[in-house]
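Here's a quick briefing to read alongside the coordinates. Have the viewer open and follow along by topic.

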Amino acid sequence: MEEKDIQENVEVTQADNKPYQVKIEEARKALFSSYTKQRRISNIIMFVVLAAIVGVMFMVMSNIQWLKIVGYSLGGAILVGMILYHVLTRKNFPNKTRDYIMFVSDILRDKQFANDYENVKYNADEKFAITDFASDGVYKDVAGINSRNIVRSEYKGHHITYGEVALKRPEQKRQQVPPLFVGKYITLPNDLDFSGRFVIVLKNPKQPFDLPNAVEDLAVLEEKEDMVVYGPEGADIHKTLNGSFLSDLRKIKVHNRLFNLNVVVWGGHSAAYLSYDDAIMAIPFEKPFDQQAFEQSIDDVNAIIKLLAGE
């Protein structure tokens, strides 16, 4: 699939006077209504089929020959009808769901990258690989990865890569294992030149979430209730980075839908892992679209990009 220029979508969206959240909610309600209707029809058909099967069994087990013939004929008709119904409807809802996901994802990407970003490109076929995260030294033992909505753009001359990611732990028998990380990943190059790396963790002290597990080689340079700074033994992060970097970073509040924020910086590379819940990471279906939560995530992403870009 060819790369898609998001700016073209923005112009189309702006031509439609409906607010973006209204378009999403209208589409969600239509899909959920279709799902509810199809499920109701399927339940009715299943009830009728079960009742008919009971009748067919009664007729087939009868000692009356003509009743047996009718029973077998009716049973065959039921089987053919079920097959035809399955063939005719099996792709109906999945296709609607696919179209809905594409529609909503396009709107959300347009909104996310609508202002200070240039040359915004999206390729639906592009995926991250586990190796893309190995060099960050934030998470280890990644057994699998899901990624989507990978966008490449420029912010005031800085090349940005953004994506939504789930990093999986190794599976364990008879036990559900929570992922290492679920959220938004951002990376961009920097002009720094130093050895080693810094990993800064902003967390909710009451409920730590998605904490890094690949920092054993680093020392704890600073620790506060809501922040831990890891780096090479004896390193001075304030001299290496902008003196106000940490205080500016703490302005991004880890609360509500933002569960955790990991930032990694090494010479030539900066990245951020923002952990979010389903209100941000899942396409709305049963529940209405949470506009406030989504727009807060936009502010979070914009703030971290601005900080990592040194603006």
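This is a predicted model: local features need pLDDT of at least 70, side-chain atom pairs count only at pLDDT 80 or more; totals for chains, interfaces and linings use all residues.

Numbering starts from 1 along each chain as its sequence is written, and side-chain values use heavy atoms, with hydrogens and water left out.

**Strand β10**

- Strands here are DSSP E runs of at least two residues and helices are H or I runs of at least four, numbered from the N terminus.
- In β10 (residues 269–276), eight of eight residues are buried, meaning under 20% relative accessible area with a 1.4 Å probe and protein chains only (exposed is over 50%, partly exposed in between).
- His-269, Ala-271, Tyr-273 and Ser-275 point one way, while Ser-270, Ala-272, Leu-274 and Tyr-276 point the other.
- Two strands pair if DSSP finds at least two bridges between them; β5 (residues 181–188) runs antiparallel to β10 with six bridges, and Leu-188 partners Ser-270.
- β9 (residues 258–266) is also antiparallel to β10, over eight bridges, with Asn-262 opposite Tyr-273.
- β9 and β10 make a hairpin with two residues between them, and Gly-268 in the turn has a positive phi of about 95°.

**Rings**

- The whole structure holds 17 aromatic pairs: Phe, Tyr or Trp rings (six-membered ring for Trp) with centres within 6.5 Å, called stacked with planes under 30 degrees apart, edge-to-face over 60 and tilted for the rest.
- Phe-32 and Phe-285 are an edge-to-face pair, 5.3 Å centre to centre with 80° between the planes, and they sit 253 residues apart.
- Phe-32 counts as partly exposed because its relative accessibility is 27%.
- Phe-128 and Tyr-185 are also edge-to-face, at 5.8 Å and 85°; Phe-128 is in the loop between β2 (117–122) and α5 (131–134) and Tyr-185 in β5, so the pair ties together parts 57 residues apart in sequence.
- Tyr-185 is buried, at 2% relative accessibility.
- Ring pairs link Phe-128, Phe-133, Tyr-139, Phe-181, Tyr-185 and Tyr-273 into a cluster.

**Largest pocket**

- A pocket is an open set of points on a 1 Å grid over the protein atoms alone, where a 1.4 Å probe fits, with protein on both sides within 12 Å along at least five of seven lines; lining residues have an atom within 4 Å of a point.
- The largest pocket has 24 lining residues, with Asp-278, Ala-279, Ile-280, Ala-282 and Pro-284 nearest its centre.

**Loop residue Pro-208**

- Pro-208 sits between β6 (197–203) and β7 (219–224), and its C-alpha is 22 Å from that of Arg-197.
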